[in-house]
Amino acid sequence: MVDDESRHPIIADTDALIAVANTSLWPRITGHLRLTTTNVCYHELERHVRETSE
């Protein structure tokens, strides 16, 4: 039986994070999941935001 306190990591690459971040699900995901990422992924996300912001 799975304990309610069990936590399992979710691993996603930059492209997957960007794809989900561009959907209406992003606020719900970030509100319910504790996301962590690598420095490389974090910098790629920052670059994507810079390049696509208006």
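Predicted model: local features only at pLDDT ≥ 70, side-chain atom pairs only at ≥ 80, totals over all residues.
## Overall make-up

The protein has 3 helices and 0 strands. Along the sequence, the pattern reads α-α-α. Of the 54 residues in the protein, 7% are buried.

## How α1 crosses α3

Two packed helices are described by the angle between their axes and the distance between the axes. Take helix α1, residues 14-21, and helix α3, residues 39-52. Their axes come within 10 Å and cross at roughly 45 degrees. That angle makes α1 oblique to α3, because an angle counts as roughly parallel under 35 degrees and as roughly perpendicular from 65 to 115. The crossing of α1 past α3 is right-handed.

## The contact between α1 and α3

Which residues meet where α1 touches α3? From α1 come T14, L17 and I18. From α3 come C41, E44, L45 and H48. Sorted by class, the contact of α1 with α3 holds 4 nonpolar, 2 polar and 1 charged residues.

## The buried face of α1

In α1, the residues T14, L17 and I18 are buried. Looking down the axis of α1, these buried residues fall within an arc of 100 degrees, so they line one face of the helix.

What do the buried residues of α1 pack against? They pack against α2, residues 26-32, and against α3. On the α3 side, T14, L17 and I18 meet C41, E44, L45 and H48.

Definitions and conventions
Residues numbered from 1 in each chain as written. Heavy atoms only, no water. Axes fitted to C-alpha atoms, helices over the stretch in contact; angles between N-to-C directions. Helix = DSSP H or I, 4+ residues; strand = E, 2+ residues; numbered from the N terminus. Parallel < 35°, antiparallel > 145°, perpendicular 65-115°, else oblique. Left-handed = near helix turned anticlockwise from the far one by under 90°. Contact = heavy atoms within 4.5 Å. Nonpolar A, V, L, I, M, F, W, Y, C, P; charged D, E, K, R; others polar. Buried < 20%, exposed > 50% of the residue type's maximum accessible area, 1.4 Å probe, protein only. Arc of directions from axis to C-beta.
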